[in-house]
Amino acid sequence: MRTIRIGSGAGYSGDRIEPAVELAEKGDIQYLVFECLGERTVALAQQARLKNPESGFDPLLEERMRAVLPLCASRGIKIVTNMGAANPLAAARKTLAIAKSMGLSLKVAAVMGDDVLDACKERDLPIMEFDGSIRQLGNRLVSANAYLGAAPMAQALSGGADIVITGRASDPALFLAPLIHAFGWPLDNWNLLGKGIVAGHMLECAGQVTGGYFADPAFKDVENLARLGFPIGEVSEDGSLVITKVEGSGGAVTAQTCKEQLLYEVHDPTSYLQPDVIADFSQVEIAEIGKDRVRISGAGGRERPPTLKVSVGYVDSFIGEGQMSYAGPGALARGRLALDIVRERLKLTGVATSELRFDLIGVDSLHGAHVSAHANEPYEVRVRVTGRTDNLGEAIRIGNEVETLYTNGPAGGGGAFRSARDVVAVASVLLPRELAKPQVQFVGEELR
């Protein structure tokens with residue numbers, strides 16, 4: 001039975017690059033996947049593209065490609081990535097140019113069609129997270145990108161692509177596409193597709209499953225996190241899966257790390273909705289079969305949903321922020337006095353906000369003031385005031401009031417910081433899948 005090895009080269013846009021190089025160099029992989037696209041990232045990329053039609057893709061695309069292309073080309077490793085963000089065609093052109101500059105003859109494909117802004121604007125689609133519809137967002141609407149499935153990426157691989165660059169797609173679909181291509185899995189074999197989604201889900205966050213975002217000293221110790229190795233999925237033609245990593249790399253692959261990743265972002269284990277299939281994780285079994293080798297079995301699936309989830313980006317409001325530090329004896333009392341001063345100043349000067357927070361970082365900024373009474377008094381605190389406003393001018397005033405604590409507040413304040421920015425928020429709608437039109441486009445000329 002045939003088996004392929006897929007390496008996970010990134011779990012988010014700013015992820016480390018060296019583990020991907022290690023995978024290409026020592027992982028004996030056939031595919032390297034970079035999952036770099038968050039929900040809000042797409043909306044920000046769309047804003048960038050509006051300013052420059054040749055931008056809107058992942059800012060680390062060139063650095064990543066230059067790091068791995070020579071190794072991947074020499075070893076025949078194919079790359080699949082969503083670094084195209086809001087502009088996969090421009091990202092594909094850029095990647096081909098990089099390859100040529102390095103003397104490499106590679107075939108690059110862009111997958112497009114996730115941008116469904118026009119289709120959404122024509123319909124009064126209900127928003128999933130709150131009462132309202134997409135039309136009510138009006139001119140605040142920035143982007144609408146559908147989560148595409150694996151089929152167009154698999155099509156690109158079958159067309160001979162060495163590198164496939166997509167925009168918004170389901171994260172597990174990036175890993176499912178090589179499986180469909182390599183094994184010829186039918187697009188309606190729901191059981192196999194469900195197994196493939198589990199493989200993708202286990203790999204999509206890169207270092208999370210090898211011990212990153214897991215370590216808790218004295219409870220869950222993980223060795224050598226500074227050299228954390230990223231995971232490899234060994235997937236067989238029948239969908240069986242083993243998670244492992246490069247021998248000697250940092251981190252660990254254990255039943256516990258895999259169980260935590262399996263539960264990540266899964267609301268209903270019996271119905272993990274994906275554009276390709278509704279995966280069923282409820283019968284999954286996890287077993288350690290060797291050092292840094294964990295077998296995942298028991299996944300299944302059923303017919304895909306009739307709609308695609310669409311990530312909608314919109315300008316929600318503006319945020320103003322100010323921070324100041326206090327240290328030494330009485331730091332906590334001075335920090336609280338500083339917050340009281342700013343609270344009163346914002347009232348006196350009439351700053352218009354829809355939401356305000358007054359935090360002492362390290363004391364009550366995460367779980368609220370009720371927990372601070374149970375903590376030892378800290379030697380240092382950092383004051384943070386944040387407010388939501390309807391315009392940038394009001395947001396700026398919040399940070400200004402915190403900064404004036406330098407000479408108008410308690411003794412010993414320092415390290416002032418202030419900022420004001422618009423907030424691009426994300427909501428979701430469901431779009432009939434036939435309204436998304438995925439396309440595959442090969443860029444440049446074939447050099448092989």
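Strand 9 and strand 10 (residues 278-280) are joined in the antiparallel sense over 2 bridges, and Leu273 stands opposite Ile278 in strand 10.

## The largest pocket

The largest pocket has a volume of about 1,000 Å³. A pocket here is, on a 1 Å grid over the protein atoms alone, an open set of points where a 1.4 Å probe fits, with protein on both sides within 12 Å along at least five of seven lines, and lining residues have an atom within 4 Å of a point; a volume is the space filled by probe spheres set on the points, which are joined across faces, edges and corners.

Its lining comprises 35 residues, of which Glu39, Glu265, Tyr272, Gln274 and Lys309 lie nearest the centre. Among the elements that each supply at least two lining residues are strand 9 (272-273) and strand 14 (307-327).

## The second largest pocket

The second largest pocket, with a volume of about 290 Å³, is lined by 17 residues, of which Lys245, Gly248, Ser249, Lys291 and Asp292 lie nearest its centre.

## Basis of the values

Residues are numbered from 1 along each chain as its sequence is written, and side-chain values use heavy atoms, with hydrogens and water left out. Because this is a predicted model, local features need pLDDT of at least 70 and side-chain atom pairs count only at pLDDT 80 or more, whereas totals for chains, interfaces and linings use all residues.

How values were computed. Helix = DSSP H or I, 4+ residues; strand = E, 2+ residues; numbered from the N terminus. Pairing = 2+ DSSP bridges.
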